[in-house]
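Student: I am new to this structure and would like to learn how to read its features. Could we take them one at a time?

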Amino acid sequence: MKTADLFREKTVFSFEVFPPKKTIPLESIFLTLGELQELTPDFISVTYSASGNANKEATVAIASKLKNQLKVESVAHLTSIQQSKDDVLVLLKELKENNVENILALLGDPVEGSEPKHDFKQASDLVSFIRQHADFNVIAACYPEGHPKAPDLDTDIRHLKTKVDSGASQLITQLFYDNDLFYTFREKTAKVGINVPIQAGIMPIMSRGQIERIASMGRVTLPPKLLKMIDHYGDHPVAMRDAGIAFAIEQIVDLLAHGVDGIHLYTMNNTYIARRINEAVRSLIRTGSY
Ligand code: FAD
């Protein structure tokens with residue numbers, strides 16, 4: 001199924017996982033996938049390692065396992081910065097052969113010590129290339145506070161409009177912690193005529209180290225309430241985990257009350273977190289009847 005079709009009927013609730021590192025067997029993630037499947041997400045997306053930390057084949061293999069064995073709709077991420085057009089054609093063929101119908105088309109970030117290929121300058125080039133060469137539902141990334149390399153949010157939204165016009169039928173946001181910034185972003189995208197569904201990307205905070213990494217990414221506002229929470233619980237792992245889950249639940253409840261098109265949970269391959277959040281918000285998610 002093409003995941004863009006789901007939004008007509010319901011609020012979409014999905015998960016993201018990442019493949020194990022090269023040195024770890026692929027099978028190590030299978031238990032995680034089985035536990036996530038039990039939570040009946042609308043789809044699970046699988047990241048693609050532009051840096052080569054994970055095997056390139058792992059994304060296709062996991063997306064295929066989800067779709068064909070676990071019967072969960074899957075989305076394969078695909079970054080283009082290190083790929084030629086021929087490389088992408090090979091990947092498209094593999095995904096087709098594995099019945100994967102959805103691709104999250106990304107540019108990816110430059111990899112240290114590795115020369116980027118120049119076939120795709122922006123993700124919008126990849127989006128239109130996929131649409132021209134194969135029948136996939138193409139999803140794209142968006143940034144409620146603007147992409148870190150964009151001069152400002154309005155410019156980034158103009159580029160996003162090009163990406164949607166190139167054939168993206170659904171968007172997933174970068175993580176964010178201030179819902180008001182997401183609501184402003186939603187208004188701005190509507191004003192420029194972006195009218196595809198936008199899923200809010202939510203990543204629960206589990207540790208002080210994680211928030212430091214997020215802060216270093218740039219363009220992610222950390223509200224005082226979140227900083228206070230980390231300050232207070234940061235040295236107590238269990239309390240920090242529970243506070244992070246509570247913050248994410250509060251964020252999701254507010255987003256659902258504001259009629260968000262969908263929630264995409266960055267699970268970090270942690271099924272405990274996914275289960276706790278799923279339990280807390282499931283009854284609030286609009287299905288066909290509610
Ligand atoms: P683009 O849409 O190409 O945007 C990149 C920059 O170029 C932006 O600043 C944009 O404003 C600018 N731009 C776009 N068009 C133009 C134009 N015509 N002229 C000038 N500037 C322009 N990374 C991975 O390596 N693997 C993953 O699996 C992965 N999954 C992700 C999932 C989500 C939901 C998100 C939000 C990000 C993900 N990323 C992943 C990170 C992503 O690859 C990086 O954020 C990357 O820097 C940008 O990718 P993009 O597809 O958004 O690029």
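Student: Is M268 buried, partly exposed or exposed, and what is its relative accessibility?

Tutor: Buried means under 20% relative accessible area, exposed means over 50%, and partly exposed is in between, with a 1.4 Å probe and protein chains only. M268 has 25% relative accessibility, so M268 counts as partly exposed. This is a predicted model, in which local features need pLDDT of at least 70 and side-chain atom pairs count only at pLDDT 80 or more, while totals for chains, interfaces and linings use all residues. Residues are numbered from 1 along each chain as its sequence is written, and side-chain values use heavy atoms, with hydrogens and water left out.

Student: Where is M268 found?

Tutor: Helices (H or I, at least four residues) and strands (E, at least two) are DSSP runs, numbered from the N terminus. M268 is in the loop between β8 (262-266) and α10 (271-281). The phi of M268 is near 55 degrees, a positive value in a residue other than glycine.

Student: What is phi of N99, and where is N99 found?

Tutor: N99 is a residue other than glycine with a positive phi, near 65 degrees. The loop between α3 and β4 holds N99. With 42% relative accessibility, N99 counts as partly exposed.

Student: How many helices and strands does the protein have?

Tutor: Its secondary structure comes to ten helices and eight strands.

Student: Which residues of α2 are buried, and what do they pack against?

Tutor: The buried residues of α2 are A58, T59, V60, I62, A63, S64, K65, L66 and K67. Packing is read from contacts, where contact means heavy atoms within 4.5 Å. The buried residues of α2 pack against α1 (30-37), β2 (43-46), β3 (74-79) and α3 (85-97). Just after α2, K71 takes a positive phi of about 60 degrees.

Student: What does Q37 touch?

Tutor: Not counting residues up to four places away in sequence, Q37 touches L70 and V72. Q37 lies in helix α1 and is partly exposed, with a relative accessible area of 27%. From C-alpha to C-alpha, Q37 and L70 are 7.0 Å apart in space, and they are 33 residues apart in sequence.

Student: How does M1 read?

Tutor: M1 is found in the segment before β1 (12-17) and counts as partly exposed at 41% relative accessibility. Leaving aside neighbours within four places in sequence, the contacts of M1 are L6, K67, E73, E101 and N102.

Student: Is G113 buried or exposed?

Tutor: G113 is exposed, with a relative accessible area of 90%. G113 is found in the loop between β4 (102-106) and α4 (123-133).

Student: How is a pocket found, and what lines the second largest pocket?

Tutor: Rolling a probe the size of a water molecule over the atoms shows where empty space is left. On a 1 Å grid over the protein atoms alone, a pocket is an open set of points where a 1.4 Å probe fits, with protein on both sides within 12 Å along at least five of seven lines; lining residues have an atom within 4 Å of a point. The second largest pocket is lined by Y177, D178, N179, D180, P223, K225, F247, E250, Q251 and D254. The elements that give two or more residues to this lining are α6 (179-191) and α9 (237-257). The largest share, four residues, comes from α9.

Student: What share of the residues in the protein is buried?

Tutor: Of the 290 residues in the protein, 53% are buried.
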